[in-house]
Amino acid sequence: MNLPLFARLVAAFAALFISTAAVAETHQLDDSLSHTVPPTAQMQWLPQTRADQDGGMEAWVRVNIHIDTRDWIGRSGRVYMVLPRDETSTLEAVWTTDGKLLAGRLVSGERALVYAGNITSNALRDQMLVRLRSGPDWQSNSRRLNFHFELDTDSTPGTQRP
């Protein structure tokens, strides 16, 4: 089958466009100015109920979020909150925000979207009220949670950022 020249050009441009389409990049963001209020949270046993025979541990903590985005001003992307899995019990985090970031839920080993759109300022700032909950296998008197934030951006090859 012989395609007309115009159809072949359209197909060639479509292939070129697809081959140079945006490539998603993931970057860990600096959130070192974020802090919890109070600085530590005390896990408390949840009462066993008919609906939840296992019980578990729970804590509430307020987090003042400050994510450095100065290297990404003018870019569009998605910011995720990440809680890596560790060798201890699975932890669930559920949070509300004051509005700049999205409310959400994640379980250790996952990441959850907290912002999508253009980055227009040096930092994303918000306050989260976070409920942390684990199952009854919580074994630790002290545990550091390594939440962090990642940015997924779209960029064409050759315009990679740090």
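Does Glu-150 count as buried or exposed, and what is its relative accessibility? In this predicted model, Glu-150 has a relative accessibility of 16% and therefore counts as buried, since buried means under 20%.

**Salt bridges of Arg-111**
- The side chains of Arg-111 and Glu-150 meet in a salt bridge with an N to O distance of 2.9 Å, and this pair links distant parts of the chain, with Arg-111 in strand 8 and Glu-150 in strand 10 (residues 148-155), 39 residues apart.
- Arg-111 also forms a salt bridge with Asp-152, where the closest N and O atoms are 2.6 Å apart; Asp-152 lies in strand 10 and is 41 residues from Arg-111.
- Asp-152 is buried, with a relative accessible area of 8%, whereas Arg-111, at 34% relative accessibility, counts as partly exposed.

- A salt bridge joins Glu-92 and Arg-105, their closest N and O atoms being 2.7 Å apart; Glu-92 lies in strand 6 (residues 91-97) and Arg-105 in strand 7 (residues 104-107), so the pair ties together parts that are 13 residues apart in sequence.
- Glu-92 counts as buried at 18% relative accessibility, while Arg-105 is partly exposed at 46%.
- Both belong to a network of salt bridges that links Glu-58, Glu-92, Arg-105 and Arg-131.

**Strands and a buried histidine**
- Strand 5 (residues 76-83) is mostly covered, with six of its eight residues buried, and strand 5 pairs with strand 8 (residues 110-118) in the antiparallel sense over eight bridges.
- His-27, in strand 1 (residues 23-29), counts as buried at 11% relative accessibility, and its side chain makes a polar contact of 3.1 Å with the side chain of Glu-25.

Note on methods
Residues are numbered from 1 along each chain as its sequence is written. This is a predicted model: local features need pLDDT of at least 70, side-chain atom pairs count only at pLDDT 80 or more; totals for chains, interfaces and linings use all residues. Side-chain values use heavy atoms; hydrogens and water are left out. Helices (H or I, at least four residues) and strands (E, at least two) are DSSP runs, numbered from the N terminus. Buried means under 20% relative accessible area, exposed over 50%, partly exposed in between (1.4 Å probe, protein chains only). A polar contact is a pair of N or O atoms within 3.5 Å; within protein, one must be able to donate a hydrogen and the other to accept it, and residues adjacent in sequence count only if both atoms are side-chain atoms. Two strands pair if DSSP finds at least two bridges between them. A salt bridge is a side-chain nitrogen of Lys or Arg within 4 Å of a carboxyl oxygen of Asp or Glu.
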